[in-house]
Amino acid sequence: MFLEQVDIDKNPFWKYLLGSFVIIIFSVIGQLPLTYVLVESGPVIPGTNPMDMLRNLNKNLQLFLLLIPFSVGLLGFWLVIKKLNERTLLSVTTSRSKIDWSRIFFSFILWGSVSVVLIVGDYFISPDSYEWNFNFNSFMVLFIIAVALIPIQTSLEEYIFRGYLMQGFAGMFKNRWAPLLVTSIIFGCLHLFNPEVEKLGYGIMVYYIGTGLFLGILTLMDDGIELALGFHAANNLFTALLVTSSWTAFQTESILIDISEPSLGLELVVSLVVLYPIFLFIMSKKYDWSQWTVKLTSKI
C-alpha cells in the first residue's frame, strides 16, 4: 500500500526534514528572478510591502515570476528523492506498478467541469458581481503561462504533502490518521500569509486545512496521489483562466474579474460540506473503494 512503500531503516525521519529544507532552498533560489525584477522596477522604499510592488507589474509577468520558484523547487524535489532518499518518483506517486494517467485526467476533467459550471453559473445569477476582462492577446499569454506552469506548482505541492511528507510521517507515527492530519495542518498553515487571509480573516484556514484533509483522504483511499494531482491542477488552472479578483494571491488576465465583496461562509459550506463529499463519493464508486476506517486510521 502507498504509505508502506518506505524503508524506515534506510529513510529515517531526519532525512525527510533535511529533504524539505533542501526543497525550500531551491524554491528560494527560484525567487531570484522575481527579486531582480522588483529591484529593477524602481527604487525600494524601506517598509514597502513587496506585494504592493509586485502588483505594479504586468499581470502575466506577475504570474510567471510567482510560478518560477515551483519549477526550481520541483527540480530540488527530484534531486532529494533520487540522491538523499534514494527512491523513485513512482514510489512517492502511487502504489501501482506505473502512474495511472487516466486517474489524473479523470479527476482533472471532473473538477474542471465543476469549476466552470460554478463560475459561469454564478456569473449569470449575479452578473453585477463581475467585470468582463477578456483581451485576446493578454489571455493567450496567460493561457500559455498557466498551462505550462500551474500544473508544476500544484504537482509540487501534492508530491511534497500527499506523497513525500505523508509517507515520512507514516514512518514516524506508524499509523495513517496522524500523517493525514499533520500534513493537512502544515498545508493549510503555508497559506497563512496569502492575501486571502488578510481579506477574509483566519476563518479561511478552515478551508485550506479542510482541502488538505480532502486531498489526503483521496490519496489514502486510492493508494496514490494521481486523483489529488488532477484535482489540484484543475482547481488552480481553471480559476486562474476564468476569474480573478483584487485580493487573491494570483492576479491574472482572466476572462472575468470578481468585484463582489467576498463571503467566506458560503464557500466553506459549498466546498467542504457539499462538493468535496460528492467528489469522494463519485471516486469511491468509480474505483471501488472499501475499508475506509482501515485505510484512514489503522496502524502501519
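L241 is buried, because its relative accessible area is 9%, and buried means under 20%. The model is a predicted one, so a viewer shows computed coordinates throughout.

Start by selecting L241 and the helix around it. The residue belongs to helix α10, which covers residues 226-242. Next, show what surrounds the side chain. Leaving out residues up to four places away in sequence, L241 touches F139, L142, F143, A146, S254 and I255.

Now move to D258. This residue lies in strand β3, residues 256-258. Display the side chains of D258 and S260, which are joined by a polar contact of 2.6 Å. Beyond its neighbours within four places in sequence, D258 is in contact with S129, Y130, V243, T244 and S245.

Then switch to a surface view and select W132, F134, F136, M140, F143, I144 and V147. Together these residues form a nonpolar patch on the surface, with about 720 Å² of accessible area. F143, a member of this patch, is also one of the residues touched by L241. Which helix gives the most to the patch? Helix α6, residues 136-173, does, with five residues.

End at W132, another patch member. Its place is in strand β1, residues 130-132. Is W132 buried or exposed? W132 counts as exposed because its relative accessibility is 59%, and the cut-off for exposed is over 50%.

Note on methods: Residues are numbered from 1 along each chain as its sequence is written. This is a predicted model: local features need pLDDT of at least 70, side-chain atom pairs count only at pLDDT 80 or more; totals for chains, interfaces and linings use all residues. Side-chain values use heavy atoms; hydrogens and water are left out. Helices (H or I, at least four residues) and strands (E, at least two) are DSSP runs, numbered from the N terminus. Buried means under 20% relative accessible area, exposed over 50%, partly exposed in between (1.4 Å probe, protein chains only). Contact means heavy atoms within 4.5 Å. A polar contact is a pair of N or O atoms within 3.5 Å; within protein, one must be able to donate a hydrogen and the other to accept it, and residues adjacent in sequence count only if both atoms are side-chain atoms. Patches are made of residues with over 30% relative accessible area and no salt bridge: like charges are joined within 9 Å, nonpolar side chains (Val, Leu, Ile, Met, Phe, Trp, Tyr) within 5 Å. Accessible areas come from the Shrake-Rupley method with a 1.4 Å probe; for residues, only the protein chains shown count as cover. A salt bridge is a side-chain nitrogen of Lys or Arg within 4 Å of a carboxyl oxygen of Asp or Glu.
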